Amino acid sequence: MLGQVAKQLKSHPALIPLFIFIGGGAAMSMMYLARLALKNPAVCWDRKNNPEPWNNMQPDYQYKFYAVNTDYSKLKKEGPDF
Amino acid sequence: HALMIVFLISTLVLYIIVAMVSTKLTNKYILDSQEIEIIWTVLPAIILILIALPSLRILYLMDEINNPLLTIKAVGHQWYWSYEYTDYEDLGFDAYMIPTQNLVPGQFRLLEADHRMVIPVESPIRVLVSADDVLHSWAVPALGIKMDAVPGRLNQTAFIASRPGVFY
């Protein structure tokens, strides 16, 4: 099937940008979903060793994907550990 | 009348389909044009990316904490809101809507409450919204905020009132 696609691409090179943008968009959304699944502190994978990851959050670690104005490494830690 | 139009349109569409499918002519006027297709795939994609990047930035910007000076808890009940100002001392009150028959001329119907939520002007304020029984939603369209009140959950929204006044 990949050979078919390659042959059609050679005769219609205008489809290449289409593949690039659609493939790139799908890849970016899958990567963001994977990032959310693995690094979001609201998700628990390992019930034995790390049962409630939302209790171990640090104030100086950036959990979101993009922080515009807040520099998380500069924030202080107030309050006791859990 | 309507049925007549439906039959008319469907007959027309069916005739066009049959005529397109059963013709013996091969169409000589379809041209192959790779260059313009590339252009009108790439250019809109670039335009959309240029729109998306600032939009995502604003999305994350709206989510940031702005060092609020005051925290207010708004808890929804059936059918009133209760506000708690607990930063410095315990202050709480219920805010019921003024029923339409008790309105004084000059007041807005369905918008006025007997105790308003008072906030300092030009200060970042954090509102923690929750509910006591069923789903509610706390919104002040004049300040551009709306946050769902879910029982058992604390939702946070922050705003700054840039001028004095009454906001609905």
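## Aromatic pairs and the chain contact

In this predicted model, Tyr83(B) has a relative accessible area of 8%, which is under the 20% limit, and is therefore buried. Tyr85(B) is likewise buried, because its relative accessible area is 12%.

| Pair | Centre to centre | Angle between planes | Class |
|---|---|---|---|
| Tyr83(B) and Phe93(B) | 5.7 Å | 45° | tilted |
| Tyr85(B) and Phe93(B) | 6.0 Å | 25° | stacked |

Tyr83(B) belongs to strand 2 (residues 80–85) of chain B, while Phe93(B) belongs to strand 3 (residues 91–95) of that chain, so their pair ties together parts ten residues apart in sequence. The pair of Tyr85(B) and Phe93(B) counts as stacked because its planes, at 25°, are under 30 degrees apart.

Ring pairs also join residues of both chains: Tyr32(A), Phe65(A), Tyr66(A) and Tyr60(B) are linked into a cluster.

Turning to the contact itself, 15 residues of chain A and 13 residues of chain B take part. About 1,200 Å² is buried between the two chains, with 63% of it on carbon and sulfur atoms. On the side of chain B, the most area is lost by Gln34(B), Tyr60(B) and Glu64(B), which together account for 46% of what that side buries.

The residues of chain B that touch chain A comprise six nonpolar, two polar and five charged ones.

Technical notes. Residues numbered from 1 in each chain as written. Chains lettered and ligands numbered in written order. Predicted model: local features only at pLDDT ≥ 70, side-chain atom pairs only at ≥ 80, totals over all residues. Heavy atoms only, no water. Contact = heavy atoms within 4.5 Å. Buried area = accessible area lost by both parts, 1.4 Å probe. Nonpolar A, V, L, I, M, F, W, Y, C, P; charged D, E, K, R; others polar. Phe/Tyr/Trp six-rings, centres within 6.5 Å; stacked < 30°, edge-to-face > 60°. Helix = DSSP H or I, 4+ residues; strand = E, 2+ residues; numbered from the N terminus. Buried < 20%, exposed > 50% of the residue type's maximum accessible area, 1.4 Å probe, protein only.
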